[in-house]
Amino acid sequence: MPRVVVLDYGSGNLRSAERALRRVGADVEVTSDHRAALAADGLVVPGVGAFAACMTGLRAVRGDRIIGERLAGGRPVLGICVGMQILFERGIEHGLETAGCGEWPGTVERLTAPVVPHMGWNTVRAPEGSLLFAGMAEDTRFYFVHSYAVQRWELVTEPPFTPPLVTWATHGGDFVAAAENGPLCATQFHPEKSGDAGAQLLENWTKSLVS
């Protein structure tokens with residue numbers, strides 16, 4: 001049974017994420033404790049609300065350092081919704097630019113679409129070889145609630161490094177719906193709100209923690 005910490009930094013669907021992970025067989029703890037977060041097999045970083053507020057809360061519990069230390073040691077991290085967005089270099093909301101964790105280059109910006117926020121079920125375009133979406137049909141739908149997203153993937157990799165697997169979705173224009181980059185994975189949608197599809201994704205991720 002993999003041990004997973006859901007990072008509590010004052011933002012996110014903590015209990016929903018906890019319940020969803022327990023249902024797929026993880027031993028889950030919700031905490032901001034530095035040692036527990038570093039020692040777990042997997043770390044989940046949820047997030048809802050504004051980018052700037054999430055970064056303020058994250059830094060208050062040294063969450064940015066926890067993420068960095070885990071990734072430096074090849075320890076898995078999964079970001080969800082704004083928990084994905086804060087992994088990038090910066091977010092721009094209402095003209096305010098806020099620095100993110102900088103694990104990936106790129107900017108979180110407002111979606112350009114007839115209807116914002118993007119709220120409801122949508123399909124995604126996952127690349128071949130994806131761990132997160134393994135065993136899922138192309139028309140599988142996931143639940144989104146967001147007004148901002150990364151709309152250009154900017155990380156450039158050269159051999160011998162393996163390029164990340166980037167999943168896209170469309171609402172007005174294309175945006176990054178998920179990314180898999182070694183130990184760092186993230187989804188813009190909410191797997192804990194996505195029914196059987198979300199459960200399958202979380203199960204795929206948790207199984208990889210002890211494989």
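User: What is a salt bridge, and which residue does R90 meet in one at 3.4 Å, N to O?
Analyst: A salt bridge is a side-chain nitrogen of Lys or Arg within 4 Å of a carboxyl oxygen of Asp or Glu. In this predicted model, the side chain of R90 takes part in such a contact, with an N to O distance of 3.4 Å. The partner is E97.

User: Is E97 buried or exposed?
Analyst: Exposed means over 50% relative accessible area. E97 has 52% relative accessibility, so the residue counts as exposed.

User: How far apart are the closest N and O atoms of E89 and R90?
Analyst: E89 is partly exposed, at a relative accessible area of 33%. R90 is also partly exposed, with 26% relative accessibility. The two residues form a salt bridge, and their closest N and O atoms are separated by 3.3 Å.

User: What is the relative accessibility of K207?
Analyst: E203 counts as partly exposed, at 26% relative accessibility. Its salt-bridge partner is K207. K207 counts as exposed, with a relative accessibility of 53%.

User: How many salt bridges does a search of the whole structure find?
Analyst: Among them are the pairs E89 with R90, R90 with E97, and E203 with K207. For the whole structure, the search gives 8 salt bridges.

Notes
Residues are numbered from 1 along each chain as its sequence is written. This is a predicted model: local features need pLDDT of at least 70, side-chain atom pairs count only at pLDDT 80 or more; totals for chains, interfaces and linings use all residues. Side-chain values use heavy atoms; hydrogens and water are left out. Buried means under 20% relative accessible area, exposed over 50%, partly exposed in between (1.4 Å probe, protein chains only).
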